[in-house]
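Reader: Could you walk me through how to read an interface and a sheet?

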Amino acid sequence: MSTVVEHVACPFCGCVCDDLTVEVEGARIVKVKRACSSGQGVFMEYDPSPRTARVRGEEADWDAAVAEAAAILREADSPLIYGLSSAASEAQRKAVELADRIGAVIDSTSSVCHGPTGLAMQAVGEPTCTLGEIRDRADLLVFWGCNPDQSHLRHFARYSLNAKGALTPNGRADRTMYVVDVRETGTAKKADHFLQVAPGHDFEVLTALRLLVQGGEPEGDPIGGVPRAELEELVERLKSCRYGVFFMGMGLTMTAARQHNVAELFTLVAELNEFAKCSVIPMRGHGNVTGADQVLTWTSGYPFAVSYARGYPQFMPGEFTAVDVLVRGAADAAVILASDPGAHFPRPAAAHLEAIPTIVFDHGPSVSAAHATVLFPTAAYGVDAAGTVYRMDNVPIPLSKVIETGRPTDEEILGRLIEAVRT
Amino acid sequence: MMLGILGGRVYDPRNGRDGQVADIWVKDGRVVAADEVDRDRAELVDAAGLVVMPGGVEVHSHLVGAKVNAGRKLRPEDHRGHERARVGDLRSGAGGTVPSTYLSGYLYSEMGYTTIMEAATAPLVARHTHEELEDMPNLDKGVFITMGNNHFIMKAISEGRPDMARDYVAWLLKASRGYAIKIVNPGGVENWKWGTNVRELDDAVIGYEGVTPRRILETLARVNDELGLPHVPHIHGINLGRSTSARTTVETMRTLKGVPAHYCHLQFLSYGEGPQHIHSCEAPSVAEVVNADPSMTVDVGQIVFGQATTMTSDGPLQHMLHQTAGGRWMNDDVESESGGGIVPIVYKRTNPVNATMWRTGLELFLLVEDPWRVFLTTDHPNAGCFTSYPQVIKLLMDRGYRRERFGGIHRRARRGALLPELEREYSLYEIAVITRAGPARALGLDKKGHLGVGADADIAVYSEQEDKEAMFARPRYVFKDGVLVARDGAVVAEVPGRTFYVDAPYDPAIEGEIRAYFENAYTVAYENYAVVTGEVAHTEPVACG
């Protein structure tokens, strides 16, 4: 006897598609409709079998694990809380409260992803829009240093290239698509125009575009590897489109010049609004990394890299970003949730994580979980826990609890941890 | 829990008390009659010689939600030097013009305010607003929902179906857990999505046959009346910040003559054409229209010199500000509903434009005769931070101080000004009206803004001082629901606030129409759009009719 849950939101990536249908038998998910392959994985590969907490690799009851974790945090002088990006905002709020109460450094996966995008926004602002505006209005799309064909699998269908909207009834036929990237990605193969920029030359190309928009004469041809005529054609289209939208990814944030690339792009977009409507959307990765930015900002004023060590929030990327804290050996305990820095951080940072006590929240196996001093195998948001996530365009969407496994949520355990460290 | 605040001079305009000495008794969070309290078991506060007022009621402030949080993220430099350390169970925070949520709650408490209205939220992101409100303690709250550029409403107008608009508005207020209809630059924000704006009340809204700013205003005012909402339509008109604003403001007021409506941050909409591209102050002519129509209320949006962060749902206005002021610019177009933007700004008394704006606000305060219809706001954080209210109160109560400050503004803003001739000084009673009783009445909050039996025990106690800024910046005691939350201007405790929302009846058949409409109009499922019961912990429905 199966039940069918409709309008389920997928917590995997920043698209947060909320049109899934999930078929459940008991505590097992048997079928997922409309999800992409990543979303299928979230639901179909979820192991709902009972799990228990672990302390130093040994099974422990949840109370004992909470007590042990609280003891670690009470001992610590410089704790680090890291991750947040796949947790619901309800858990993120608790994580920030814990950081505030114990004087921790708190950072999200933003710092190794779109952190530079946040810095660019702080420097120049950001003309943006919700995804529905793109679906309904956009006649010109420019994907820069991102590859949604591989990373955000339903983006084209639901929100951008192929989506049909009020002013774009024919979907793909009503849009012109550009891709700017260093190689011909799957996304580039779908484009009407592919501009292949020389690696490390994005800033140069962006500056040339700004100059062309203002009627100036950039020097050289090609510029940053791109024939000048193609840049001129792009500028003409941008200045005369109905609603232009740039999408940008780690091709800009994690290559030379980082936040300067992004600030140059955001400035270009702002300047284009003198001529035609234009917006930009960062292609946020994790399902709720946008929420991590939001929650940290409304509680501390800052989106990531926040230290509460002095009793009030301080923001300093490079100082309080998790990789930097760990490489310096400046943390003596860590709380990790909704991420796997043990697997993804640079070796010196991961090595320091192995040397200090860690409290890990993870519903599945991971390198960080394997090395955890205390492991809380909590429920997964969107699968066996409900919550709120923020889509890449900052639209908040509720996640469903599609199965009941009896596992506690991150929010519950963090709440108990907050109580425990107070006493 | 019982409490007695004894022997204070009570300023409670709704109940006609103008400084008379009286005792205020509290039981279970409500003001009660003396005989309901067992004196021996009550906590007694000696208020002899002190001024007792209801807790402050904020009628218009941008405190939480998508736009405000983007403003916080945009301005790390605004937070530095404005940090608050964690103390005991209280949380830390930061922010000068756009404080973090806990800090905002504390700062309002520390001024004696106990109720606030978040001035603009697009329904699509209302869930975000409510999440932040849960993290803003010590205040009861309501949320205004932007509807002046809503596609469904404009479709209903275009198709000549006002009943459909009415049922939709009732549904939308419940779905977003909202409190009032907010109208921001009607039609102009939609046109901004095409790169333009509206300039006149009869300009066309692109894509909606027959829809104009005037028809949007008329329709929503009628809907508001038919639904019997607790508040009136809350209007930010067209041409804000422009030299045509006074003219179109007056035209808007005449269009809605006799129709209950609230005109927010009127200062920003009271300019005319002046020499050398500096807008003229048109406060006298606008105030005259306000005085003549008792159905309307206004708040001022007083400029405070110093840092501010402009943020409105008026996308084209924010772009114009970006072009004028330069610097950072946020824009956010919200599908099917709304838009908005952010531009940080500094108001300088030595800048003739800014100084004229400052003067315009004060003239409005002094020329609108009925204090029950003009309320204290800085349109936080647009004209200044809400923490500047004590300074504005001093400007209103102390004409010597006002003259002195007037003397320090740019000479071109002084030229021909009426302000130095205005002798009026607000009394404590009138301050209690414009910060408490008046806003509560306009908002339809029956248990707020007064200290009669049955009122919520939200109470601020001040020690009277010659310097009114110092007096209002540091209340001796502030009680929220009868709990002491601030003492001597410092927050001492945290209580959760409630969020009021409107639950007006509507024809359920509208849900089918909205559901069908959602298929094509939104990228979020109809089923995932509404904020549902239980999703937010402290909501309280308000019935209508």
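Author: We'll take the chain contacts, then the sheet.

Author: Keep in mind this is a predicted model: local features need pLDDT of at least 70 and side-chain atom pairs count only at pLDDT 80 or more, while totals for chains, interfaces and linings use all residues. Residues are numbered from 1 along each chain as its sequence is written, with chains lettered from A and ligands numbered from 1 in the order in which they are written.

Reader: How many residues of chain A are in contact with chain B?

Author: Interface size is often given as the accessible area lost when the parts come together. Here we count contacts (C-beta atoms, placed from the backbone, within 7 Å): 50 residues of chain A meet 44 of chain B. Among the chain A elements giving two or more residues are helix H3 (89–102) and strand E8 (125–129); helices (H or I, at least four residues) and strands (E, at least two) are DSSP runs, numbered from the N terminus.

Reader: Which strand of chain B do the bridges join to E8(A)?

Author: Strands of a sheet pair through backbone hydrogen bonds, parallel or antiparallel. Pairing takes at least two DSSP bridges. E8(A) has five to strand E18 (residues 329–333) of chain B, running parallel, and A:Gly125 sits opposite B:Trp329.

Reader: What is the strand order in the open sheet of chain A?

Author: E5-E4-E18-E17-E16-E6-E7-E14-E15, nine strands with mixed pairing. Strands E5 (58–60) and E15 (314–315) of chain A are at the edges, each with a single partner strand, so one side of each has no neighbour in the sheet. Inside that order, E7(A) (residues 105–108) runs antiparallel to E14(A) (residues 306–307), joined by two bridges; A:Ile106 partners A:Val306.

Notes:
Two residues are in contact if their C-beta atoms, placed from the backbone, lie within 7 Å.
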